[in-house]
Amino acid sequence: MARLGNPQETIRVLQKHDFHFQKKFGQNFLIDPRVLDKIVEAAQVGGEDFVLEIGPGIGTMTQCLGEHARQVLAVEIDKNLIPILQETLAGYDNVEIRQGDILKQDIQAIADRYNGGRPIKVVANLPYYITTPIIMSLFESRVPLANVTVMVQKEVAERMKALPGTKECGALSLAVQYYAKPYLAANVPPNCFMPRPRVGSAVIRLDCLAQTPVEVEDERLMFRLIRASFNQRRKTLQNGLSNSGELDFSKEEIRQAIENTGLPSVVRGETLGLKEFAALADELVKVRR
């Protein structure tokens, strides 16, 4: 089978199978071999690794992964792509194709079956609208992960690695950095895809942390506080939390908790980091008790 990753071969495969892009799946296939190499390098894929690939498309990235990894499981949601994948990956004995929604897969069972329960590596070229739900689902499920290397919208990659207090920092920044250390591997212009997207993309690797950077009694509460704060960036922390529909604390309970953490009464939530939000969550648990 010819190596994919160039416009001519990609067009030939798509025409042969009369494949039509579906907007609901956000399909954009890579057509630049240099970017493929950068992804494999960024993901640090070696001969002993098992890789879970999310959204293989026609198998462009999968071929590269199959040439470097011990074993690859490629999960594709679009049933129409399965016959194409069976053809383009026919020569790769170490690659398995599975049709399905990654959000409905038992990742722990996959890690147990294919990697003896050891941390796995994840590689994905995700539709931009579902990037965050998939990444956070992987992290929150607490499955054994070594790293997650994804192609995302450039703006999203910038937010993932943004530091507290910067304008790019948001709820996604703190959520990702609670579980992983982000590393921006490459910027990818629109002309590297077919069809060509309207925005620039980036490859980012998230190195999963063995231990979270802060300890907190109630993780869910901490993340509710983070979301509520960034949803109303221009308001003070106290007003933002008091007006949030996600929280059921009184204004006095919130005021007391903020005071107990030693934060100024006029502080804005967008300036805080994980350490401050964890402390605030712990104080709210105490106040409620």
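User: In what order do the seven strands of the open sheet stand?
Analyst: In this predicted model, seven strands come together in an open sheet whose pairing is mixed. Strand S4 (95–99) and strand S7 (180–188) each have a single partner strand and stand at the edges, so one side of each is left without a neighbour in the sheet. From one strand to the next the twist averages 20 degrees, and the order of the strands is S4-S3-S2-S5-S6-S9-S7.

User: Which residue in S5 is the bridge partner of valine 51?
Analyst: Strand S2, residues 50–54, pairs with strand S5, residues 120–125, in the parallel sense, and four bridges join the two. Within S5, the bridge partner of valine 51 is lysine 121.

User: What angle does the direction of helix H6 make with that of S6?
Analyst: Helix H2 (residues 33–43) packs on the sheet, where it touches S5, S6, S7 and S9, and its direction makes about 150 degrees with that of S6. Helix H6 (residues 131–140) also packs on the sheet, touching S2, S5, S6, S7 and S9, and the angle between its direction and that of S6 is about 175 degrees.

User: How many nonpolar, polar and charged residues make the contact of H6 with H8?
Analyst: The axes of H6 and helix H8 (residues 171–179) come within 10 Å and cross at roughly 35 degrees, and the crossing is left-handed. On the H6 side the contact is made by Thr132, Met136, Phe139 and Glu140, and on the H8 side by Leu172, Ala175, Val176 and Tyr179. Sorted by class, these residues are six nonpolar, one polar and one charged.

Terms used: Residues numbered from 1 in each chain as written. Predicted model: local features only at pLDDT ≥ 70, side-chain atom pairs only at ≥ 80, totals over all residues. Heavy atoms only, no water. Pairing = 2+ DSSP bridges. Axes fitted to C-alpha atoms, helices over the stretch in contact; angles between N-to-C directions. Contact = heavy atoms within 4.5 Å. Left-handed = near helix turned anticlockwise from the far one by under 90°. Nonpolar A, V, L, I, M, F, W, Y, C, P; charged D, E, K, R; others polar.
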